[in-house]
Amino acid sequence: MLVRGIGRALCNALRVEQRCLSSKTASTKLETKESIDAAQLAALEKDLCLLVDDKDTFIGTASKKDCHKVSPDGNIPLHRAFSVFLFNKRGDILLQRRSNSKVTYPDYYTNACCSHPLYIDGQQENMVTAARRRLNYELGIPLDQMNPELFTFLTRIHYYDSGDGVWGEHEIDHIYVLQADVKIKPNSNEISEYAFVPKNEFNAFLPTLEGPLTPWFNMVRRHRLKLWWDNLHRLKEVAEPDKIHKFKEEK
């Protein structure tokens, strides 16, 4: 298995330890502003996310900050997002660990890229354009290695998670798969570790991780990942592009 890291590598996939993985950990306390990356703080104010209704219809905009701040009554504005699951041509999946300077879910493990299309110059950003932009920014993948036709849109997931009680998520998440051999040079302000994990080692690998899974990745892992991973050669046949799933959270 190919393993690389920034600072330190992910745990060896063959070393299995009994740790509880949950998207409901108490280890998500908000970092002080001094420890949060300046670019992330700026993006909280200037980036405009797309507000949607429960049918994913665009209804307006709000700052990234306002879209992730948990109100006293627990409300978080529903907004549009995307998640990219990256596989190399051998079929290994890329897992990454979010930097400890992330505002939301610091030190959580997740899929390759999770972010938002933005409202730019009076227009809604195309979803694949947004995905390529963030994959380039977070993982350093050259744009010319991510042709738009390589992205397969699978489905949408509507989920809510209150995070640490200060910052959380309430999104309709558009799920894409990108399968390609790409060059990776992660942005350490965004990602602290990453690894490509083969399918036959994945279940043994998860208990070795030193932190929890993000709620969206954990949800996909439980409900759809095996189906997609088993069918990388015919993803369009198993895609559900017209559906918006609301999977039940694991108790």
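Modeller: By class, the lining of the largest cavity has 4 charged, 2 polar and 2 nonpolar residues, where Asp, Glu, Lys and Arg count as charged, Ala, Val, Leu, Ile, Met, Phe, Trp, Tyr, Cys and Pro as nonpolar, and the others, Gly among them, as polar. The residues in question are Asp47, Cys49, Lys64, Ser115, His116, Leu118, Arg133 and Arg134. Keep in mind that this is a predicted model, with local features needing pLDDT of at least 70 and side-chain atom pairs pLDDT 80 or more, while totals for chains, interfaces and linings use all residues. Numbering runs from 1 along each chain as its sequence is written, and side-chain values use heavy atoms, with hydrogens and water left out.

That cavity has a volume of about 50 Å³, and the whole structure has 3 cavities of 30 Å³ or more. Here a cavity is a set of points on a 1 Å grid over the protein atoms alone where a 1.4 Å probe fits but cannot get out, and lining residues have an atom within 4 Å of a point. Points are joined across faces, edges and corners, and the volume is the space filled by probe spheres set on them.

As for the cysteines, there are 0 disulfides (pairs of cysteine sulfur atoms within 2.5 Å). Cysteine 114 has its closest cysteine sulfur in cysteine 113, and at 6.4 Å that's too far for a bond. Cysteine 113 is buried at 0% relative accessibility, and cysteine 114 is buried too, at 14%; buried means under 20% relative accessible area with a 1.4 Å probe, protein chains only. Of the 251 residues in the protein chain, 55% count as buried.

Definitions and conventions
On a 1 Å grid over the protein atoms alone, a cavity is a set of points where a 1.4 Å probe fits but cannot get out, and a pocket is an open set with protein on both sides within 12 Å along at least five of seven lines; lining residues have an atom within 4 Å of a point. Buried means under 20% relative accessible area, exposed over 50%, partly exposed in between (1.4 Å probe, protein chains only).
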